[in-house]
Amino acid sequence: MRLWALRFRTSVEALSPEQVALLLSVGLILGVFPIMGCPTAFCLLAALRLRLNLVALQLLNQISSPLQLALLLPLERAGAWLCGPASPVDGSAASQIGAVALHAIVGWACICVPAGILLYFILVLAMRRPPRRPDLASPVST
């Protein structure tokens, strides 16, 4: 984990706070997309389109893989709640898997995408804020 953190830190050193915030929010949100294999392709496309650091974005994608698995069921439940229960016509396993995947994508779009936008603005504000330093002008109590 330290090696990943070191690699990530070196890949974002020269970026502006807005670029780092965009990289983090896009990487995490695309990394938890509920269909296996898709986040890698989405991160590649996002890196090319948004001119982000591809290595850092793919690293965030890999780091967020456990979170992707942990959110799979809650996102499917949220999507099922929004879309209604699946009622396949033929009742086959393939149609049920398709309905579950659709529910998970709807849950991801309704929860993770707005959370990613909010995360971006919070990160931009946090990174622009100057670091706190003790006030040197205040008198010292003795």
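**Ground rules.** I'm working on a predicted model, where local features need pLDDT of at least 70, side-chain atom pairs count only at pLDDT 80 or more, and totals for chains, interfaces and linings use all residues. Residues are numbered from 1 along each chain as its sequence is written, and side-chain values use heavy atoms, with hydrogens and water left out.

**Overall fold.** Of the 142 residues in the chain, 30% are buried (under 20% relative accessible area; exposed is over 50%, partly exposed in between, with a 1.4 Å probe and protein chains only). I also checked contacts (heavy atoms within 4.5 Å): among those between residues at least 6 apart in sequence, 71% join residues at least 24 apart.

**Helix pairs.** Two packed helices are described by the angle between their axes and the distance between the axes. My axes are lines fitted to C-alpha atoms, for helices over the stretch in contact, and angles run from 0 to 180 degrees between N-to-C directions.

*H2 with H4.* I found that the axes of H2 (residues 17–31) and H4 (residues 54–63) come within 8 Å and cross at roughly 45°. That makes H2 oblique to H4 (under 35 degrees is roughly parallel, over 145 roughly antiparallel, 65 to 115 roughly perpendicular, the rest oblique). The crossing is right-handed, meaning that the near helix is turned clockwise from the far one by less than a right angle. On the H2 side I listed Leu-23, Leu-24, Val-26, Gly-27 and Gly-31, which meet Ala-56, Leu-57, Leu-60 and Asn-61 in H4. By class I got six nonpolar, three polar and no charged residues. For the classes, Ala, Val, Leu, Ile, Met, Phe, Trp, Tyr, Cys and Pro count as nonpolar, Asp, Glu, Lys and Arg as charged, and the others, Gly among them, as polar.

*H5 with H6.* For H5 (residues 65–83) and H6 (residues 93–128), the axes come within 6 Å and cross at roughly 95°, so the two are roughly perpendicular to each other. The H5 residues in the contact include Leu-72, Leu-75 and Cys-83, and those of H6 include Trp-108, Cys-110 and Ile-111. I noted 13 nonpolar, three polar and one charged residues there.

**Cysteines.** How many disulfides are there? I count zero, taking a disulfide as a pair of cysteine sulfur atoms within 2.5 Å. The sulfur of Cys-83 has its closest cysteine sulfur in Cys-110, 7.6 Å away, too far for a bond. Cys-83 is partly exposed at 43%, and Cys-38 is partly exposed at 25%.

Cys-43 sits in H3 (residues 38–50) and is buried, at 0% relative accessibility. Not counting residues up to four places away in sequence, Cys-43 touches Leu-30, Leu-54, Leu-57, Gln-58 and Asn-61.

**Val-55.** Is this one buried or exposed? Val-55 lies in H4 and counts as exposed, at 61% relative accessibility. The C-alpha atoms of Val-55 and Ser-11 are separated by 7.5 Å, though the two are 44 residues apart along the chain.

Definitions and conventions: Helices (H or I, at least four residues) and strands (E, at least two) are DSSP runs, numbered from the N terminus.
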